Amino acid sequence: MITAIVLIKTSVDRIPEIAEQIAALESVSEVFSVTGTYDLIAMVRVRRHDDLAEVIPGRISKIPGVEGTDTHVAFRTYSQHDLEAAFAIGLDS
């Protein structure tokens, strides 16, 4: 699974509506409203790199009010859930 972190600039008067539209897209797992240079951050998870082009410029960027995106593709994912599972290997509950 390929994970992309998409930083999104939007029309500030439509942030909630745009966030809801992005969150409803297939392959978008979460959308965060944030402070700073960008208005929203979307987590996109796809099976192939080619699918990123379909989701980000093909769908997210075409939502009215989306002014620009900056995409970062994850090389590796680390999470607390992964660490807990790794340390639990071989332990009886």
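Buried residues are those with under 20% relative accessible area, exposed residues those with over 50%, and partly exposed residues those in between, as computed with a 1.4 Å probe on protein chains only. By this scale D50 is exposed, at a relative accessible area of 54%. The structure is a predicted model, in which local features need pLDDT of at least 70 and side-chain atom pairs count only at pLDDT 80 or more, while totals for chains, interfaces and linings use all residues. Residues are numbered from 1 along each chain as its sequence is written, and side-chain values use heavy atoms, with hydrogens and water left out.

Helices (H or I, at least four residues) and strands (E, at least two) are taken as DSSP runs and numbered from the N terminus, and two strands are said to pair if DSSP finds at least two bridges between them. Four strands form an open sheet in the order β2-β3-β1-β4, with antiparallel pairing. Strands β2 and β4 (66–73) are the edge strands, each pairing on one side only. From one strand to the next, the twist averages 20°; here axes are lines fitted to C-alpha atoms, for helices over the stretch in contact, and angles between N-to-C directions run from 0 to 180 degrees. Helix α1 (residues 15–23) packs on this sheet and touches β1, β2, β3 and β4, where contact means heavy atoms within 4.5 Å. The direction of α1 makes about 165° with that of β2.

Strand by strand, the pairing can be followed in more detail. Strand β1 (residues 2–10) is joined to β3 in the antiparallel sense over seven bridges, and I8 stands opposite L40 in β3. Seven bridges also join β1 to β4, again running antiparallel, with K9 opposite G68 in β4. Strand β2 (residues 28–33) pairs with β3 over five bridges, in the antiparallel sense; within this pair, V31 faces A42 of β3. The hairpin of β2 and β3 has six residues between the strands, and G36 in this hairpin takes a positive phi near 110°. Strand β3 (residues 40–46) is largely enclosed by the rest of the structure, because five of its seven residues are buried.

Attention now turns to the charged side chains. A salt bridge is counted where a side-chain nitrogen of Lys or Arg lies within 4 Å of a carboxyl oxygen of Asp or Glu, and by this rule the count comes to four. One of them joins E30 and R45, with the closest N and O atoms 3.3 Å apart. This pair links distant parts of the chain, as E30 belongs to strand β2 and R45 to strand β3, 15 residues apart. Both partners are partly exposed: E30 has a relative accessible area of 32%, and R45 one of 31%.

R48, D50 and D51 are linked in a network of salt bridges. Between R48 and D50 the closest N and O atoms are 3.7 Å apart, and between R48 and D51 they are 3.1 Å apart.
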